[in-house]
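Subject: Structure handover

Hello,

Here is the structure for you to look over. Please open it beside this message as you read.

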Amino acid sequence: MEQGILSEDEWKVLEHAKPRYLVAYMWAAALFRDCADRGILCRQMLPRCDQAIAKVRDASHQLLMFLNSQLPLVYIQLVSYVVHVFIFFHCSYLGFRLYAATLQPTLHEKAIGIFWT
């Protein structure tokens with residue numbers, strides 16, 4: 001209300017509505033019907049607009065439904081496996097580079113430069 005987006009009457013309607021996001025979709029549907037009644041929008045487009053609003057409403061409902069659910073265990077295990085494999089190979093690679101640098105003293109400065117540059 002402070003930004004002037006809603007009037008006091010609209011805020012009173014929104015304040016007591018349980019799923020607040022549904023009220024916005026009902027307002028949009030009412031606006032399309034009002035435009036069709038005034039002749040701004042042709043009557044043939046009204047069912048398409050209602051279908052589009054219904055699709056967006058269903059998508060937002062699915063998003064809110066999955067918001068509080070846990071991630072699947074298989075996904076967590078897969079991500080954990082990928083991270084462990086990456087860390088293993090990365091550490092092995094750096095270990096081989098460090099070992100090679102100790103065998104060849106001329107490359108010692110280059111090996112140290114890997115870690116501090």
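Below is what was found, from the whole chain down to single residues.

First, the ground rules. This is a predicted model, in which local features need pLDDT of at least 70, side-chain atom pairs count only at pLDDT 80 or more, and totals for chains, interfaces and linings use all residues. Residues are numbered from 1 along each chain as its sequence is written, and side-chain values use heavy atoms, with hydrogens and water left out.

**The chain**

The chain has five helices and zero strands. Its pattern along the sequence is α-α-α-α-α. Helices (H or I, at least four residues) and strands (E, at least two) are DSSP runs, numbered from the N terminus. Of the 117 residues, 11% are buried. Buried means under 20% relative accessible area, exposed over 50%, and partly exposed in between (1.4 Å probe, protein chains only). The chain exposes about 10200 Å², with 66% of that from carbon and sulfur atoms. Areas come from the Shrake-Rupley method with a 1.4 Å probe; for residues, only the protein chains shown count as cover. Among contacts with a separation of 6 or more, 25% join residues 24 or more positions apart. Contact means heavy atoms within 4.5 Å.

**H2 against H3**

Helix H2 covers residues 20-38 and helix H3 covers residues 46-67. Their axes come within 10 Å and cross at roughly 175°. H2 is therefore roughly antiparallel to H3 (angles under 35 degrees count as roughly parallel, over 145 as roughly antiparallel, 65 to 115 as roughly perpendicular, the rest as oblique). Axes are lines fitted to C-alpha atoms, for helices over the stretch in contact, and angles run from 0 to 180 degrees between N-to-C directions. On the H2 side, the contact includes Tyr25, Phe32 and Arg33. On the H3 side, it includes Cys49, Asp50 and Ile53.

**Asp50**

Asp50 sits in helix H3. It is partly exposed, at 28% relative accessible area. Beyond neighbours within four places in sequence, Asp50 contacts Ala29 and Arg33. Phe32 is 18 residues from Asp50 in sequence, and 8.2 Å away in space, C-alpha to C-alpha.

Cys42 is in none; its nearest cysteine sulfur, that of Cys49, is 8.4 Å away. Cys42 counts as partly exposed because its relative accessibility is 40%. Cys49 has 12%, so it counts as buried.

Best regards

How values were computed
Disulfide = S-S within 2.5 Å.
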